[in-house]
Amino acid sequence: EIAQLRKRLLLGSDIIFASAAMQELLAKIKKIAPVDSAVLITGESGTGKEVAAKTIHANSLRKDAPFVPVCVPALPENLLEAELFGYTEGAFTGAVKGGKKGLFEAAQGGTLFLDEIGDAPVFIQGKLLRVLQEREAVRVGGTKPIKLDVRIISATNRPLKDMMLDGRFREDLYYRLNVVSIELPALRERREDIPLLLNHFNSVFSQKNHKPVRSISAAAMKALLAYHWPGNIRELMNVIEHMVVTAAGRALNREDIPNYLILGMEEKQGATHAYPLELGAAVRALEKENIGIALRQAKGNKSKAAALLKIPRSTLYYKAEEYGIDLGK
């Protein structure tokens, strides 16, 4: 079975697929990999944007040079500039002797992957734009420009076009980053890939945790295929690892599936969506329901909920007020 899965891997990547949606995506990746144009990868959280970026790099002319991933919001805002562009000795309190090269320099000759670029502060966006335009960077505290030969791939699950309208993302930077765009499908849009992914990660986590590789029962597979996977591949990995490490029998059964997932499926199956026949009222009812779902999935985080709904945060506030939804503080 593992040998069959490996035949599904395209271009030496970790992307496992059987669906037409992924076949189309990988065909596009194969076209854009050899060129140096900037790529913007979009898609929901957990869809595998870094894997896609690594696949592009691995099939580019830069494949033997570094691939440097950067999760933008993971870096403290006050250190982000120094981490990206480097700093000179004495640039600030705590600066190491001799200074330090930044992540752009670390990626010299290769690819810099800017993950969650939509979370970049506006002041950093301006500096990124200059680097992309001039192909050079100046370390914090320094004056000498450093020439750069780096391909930029960025990724986001946020609505950058909407963010441009309310000034949260620079329009000029957006067009620099988005020379070529690829959108990763959600897992629920490529359901034929789910059995392949489940079997693959069953094997991976069984070996990692020194457990016998178990089969997945028909009942468990049916339940997992029926689930809507809001967390996409990241959630699927979490679920199958939970099942592998907690199962006692010779197969992974329905009772080994985490309770929250079963409860979520039962809630969905038991719900009755009796929307009004009148279209305007039906749209309002659906909007109110979806806002509630997004807020629950985002655990009350309004920015994340707006991103899930693919609307500006200001629109979320407007809709919440219209429908009497309490957004909290």
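Modeller: Searching the whole structure turns up two cavities of 30 Å³ or more. A cavity here is a set of points on a 1 Å grid over the protein atoms alone where a 1.4 Å probe fits but cannot get out. Points are joined across faces, edges and corners, and a volume is the space filled by probe spheres set on them.

This is a predicted model: local features need pLDDT of at least 70, side-chain atom pairs count only at pLDDT 80 or more, and totals for chains, interfaces and linings use all residues. Residues are numbered from 1 along each chain as its sequence is written, and side-chain values use heavy atoms, without hydrogens or water.

The largest cavity holds about 50 Å³ of space. Its lining residues (an atom within 4 Å of a point) are Arg158, Pro159, Met163, Arg168, Ser303, Ala306, Ala307, Ile311, Pro312 and Arg313. Helix H14, residues 302-309, gives the largest share of that lining, with three residues. Helices are DSSP runs of H or I, at least four residues, numbered from the N terminus. By class, the lining of the largest cavity has six nonpolar residues, one polar and three charged. Nonpolar covers Ala, Val, Leu, Ile, Met, Phe, Trp, Tyr, Cys and Pro; charged covers Asp, Glu, Lys and Arg; the others, Gly among them, are polar.

The second largest cavity has a volume of about 40 Å³. Around the second largest cavity sit Phe104, Val131, Leu132, Arg135, Leu148, Val150 and Ile152. That lining splits into six nonpolar residues, no polar and one charged.

Notes
1 Å grid on protein atoms, 1.4 Å probe; cavity = no way out; pocket = protein on both sides within 12 Å on 5 of 7 lines; lining within 4 Å. Helix = DSSP H or I, 4+ residues; strand = E, 2+ residues; numbered from the N terminus.
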